Amino acid sequence: MHSDGTVSIRVNGEHKRITAGLTLAQLAEELGLVPEKVAVERNLEVVPRSTLGQVIVEDGDELEIVHFVGGGDHAGSLADDSWTVAGKTFRSRLIVGTGKYKDFEQNAAAVAASGAEIVTVAVRRVNVSDPKAPMLTDYIDPKKITYLPNTAGCFDAESAIRTLRLAREAGGWELVKLEVLGEARTLYPDMVETLRATEVLAKEGFQPMVYCVDDPIAAKRLEDAGAVAIMPLGAPIGSGLGIQNQVTIRLIVEGAKVPVLVDAGVGSASDAAVAMELGCDGVLMNTAIAEAKDPILMAAAMKAAVEAGRLSYRAGRMAKRRYADPSSPLAGLI
């Protein structure tokens, strides 16, 4: 102890003179620390936290005081993150189809597990030979789930327009999904016929969400023609190949003033997450869920993936680097 009543110590490598007789807990408080939130090593031996108020700091002590610091960034809190199409607002960003399921019961269970608020429905002839046959509306209530009539199977503008006119007459639907296919092998959209159908439907008061190629120029023309949502394919319908051209999808997102949803090609939950990380407003899928070994479980997985991908997009991806950058700070090492 020095003549002035102090002792010399080293704390985290720095020399300090403190009042003699202080306990480790009192020293921590003088340093502006909370004793309960730090760990102390004295002369290379860890001091139990329960004894910090009893151990006296002595002249020449070598102390290391540590605490935990973040090894990563704080992601922020969750907030309401709904989206709007044609003036209608939805919380779920996952739209699911209603084809290829074992039966209507399985279909309904998958929709429930997915949390989807919109389902696509094909417009087909009524089974007049068996009018009592089960119908989709018996299992998925259109008063609780938004039906999105689509033109699956149409290969020209006329048949697509005719189909949606019938759909509006049957259920009053104006929010519809338009797809006009070019050929049966790839099920790629015929963009000439698609654009023509979009123009006619928009003039007739329909609100078409339009399936299209992953082309930013074509997407812009559809938007100008009256599309209320752009739905570029990630890969051929039913292929499960995942998003094959992330660059063009991102360009469509950046240039659009209406919602953009990836439609077709999703095969796994990771594919759905990628679509959302690209900034898409949502994802539409059918085969990925319906043809999974466990459709109900896959529906739940897709729900989680869409939500995770959206959160990742909102959080903002870290910058890519050529070299390593330590997660934990190097400053303050013992």
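This is a predicted model: local features need pLDDT of at least 70, side-chain atom pairs count only at pLDDT 80 or more; totals for chains, interfaces and linings use all residues.
## Getting oriented

The protein chain splits into domain 1 (6-67) and domain 2 (83-315). Going by C-alpha atoms, the centres of domain 1 and domain 2 are 64 Å apart.

## The listed binding site

UniProt, in an unreviewed entry, gives Gly 238, Ala 264, Gly 265, Asn 286 and Thr 287 as "binding site". These residues span 50 positions in sequence, but no two of their C-alpha atoms are more than 9.5 Å apart, so they gather at one spot.

Let's go back to Ala 264. Its relative accessible area is 9%, so Ala 264 is buried, given that buried means under 20%. Setting aside neighbours within four places in sequence, Ala 264 has contacts that include Tyr 211, Leu 233, Gly 234 and Leu 284. Gly 265 is also placed in the loop between S14 and H7, and with a relative accessible area of 5% Gly 265 is buried. With neighbours within four places left out again, the residues in contact with Gly 265 include Ser 239, Gly 240, Leu 241, Gly 242 and Asp 271. Ala 235 and Pro 236 are in contact with Ala 264, and Ala 235 and Pro 236 are in contact with Gly 265 as well.

## The listed active site

The "active site" feature, from an unreviewed UniProt entry, is at Lys 177. You'll find Lys 177 in strand S11 (residues 175-178). Is Lys 177 buried or exposed? Lys 177 is buried, because its relative accessible area is 4%, under the 20% cut-off.

What does Lys 177 touch, not counting residues up to four places away? Among them are Thr 120, Leu 148, Pro 149, Asn 150, Met 209, Met 231 and Asp 263. Tyr 211 and Leu 284 are touched by Lys 177 too, and Tyr 211 and Leu 284 also turn up among the contacts of Ala 264.

## A closer look at helix H2

Helix H2 covers residues 104-114, and its buried residues are Gln 106, Asn 107, Ala 108, Ala 110, Val 111 and Ser 114. These buried residues pack against strands S8 (94-96) and S9 (118-122), along with helices H8 (287-290) and H9 (295-315).

The two ends of H2 have their own details. At the start, a side-chain oxygen of Asp 103 comes within 3.2 Å of the backbone nitrogen of Glu 105. After H2 comes Gly 115, with a positive phi near 75°.

## Salt bridges

How many salt bridges does the structure hold? There are 15. One of them pairs Arg 17 with Asp 4, at 3.2 Å from N to O. That pair links distant parts of the chain, 13 residues apart, with Arg 17 in strand S2 (residues 14-19) and Asp 4 in the segment before strand S1 (6-11). Arg 17 is partly exposed, at 46% relative accessible area.

Asp 61 and Arg 42 form another salt bridge, and their closest N and O atoms are 2.9 Å apart. Asp 61 is in the loop between strands S4 (45-47) and S5 (62-66), while Arg 42 is in strand S3 (residues 39-42), 19 residues away. Asp 61 is buried, at 3% relative accessibility. Arg 42, Asp 61 and Glu 58 are linked in a salt-bridge network.

Glu 254 and Arg 250 also form a salt bridge, at 3.8 Å between the closest N and O atoms. Glu 254 and Arg 250 both belong to helix H6 (residues 246-255), 4 residues apart, about one turn of the helix. Glu 254 is exposed at 56%, whereas Arg 250 is partly exposed at 34%.

Key. Residues are numbered from 1 along each chain as its sequence is written. Side-chain values use heavy atoms; hydrogens and water are left out. Buried means under 20% relative accessible area, exposed over 50%, partly exposed in between (1.4 Å probe, protein chains only). Contact means heavy atoms within 4.5 Å. A polar contact is a pair of N or O atoms within 3.5 Å; within protein, one must be able to donate a hydrogen and the other to accept it, and residues adjacent in sequence count only if both atoms are side-chain atoms. UniProt positions are given in the numbering used here, feature names are shortened, and annotations may be inferred rather than shown by experiment. A salt bridge is a side-chain nitrogen of Lys or Arg within 4 Å of a carboxyl oxygen of Asp or Glu. Domain bounds come from an automatic or database domain assignment.
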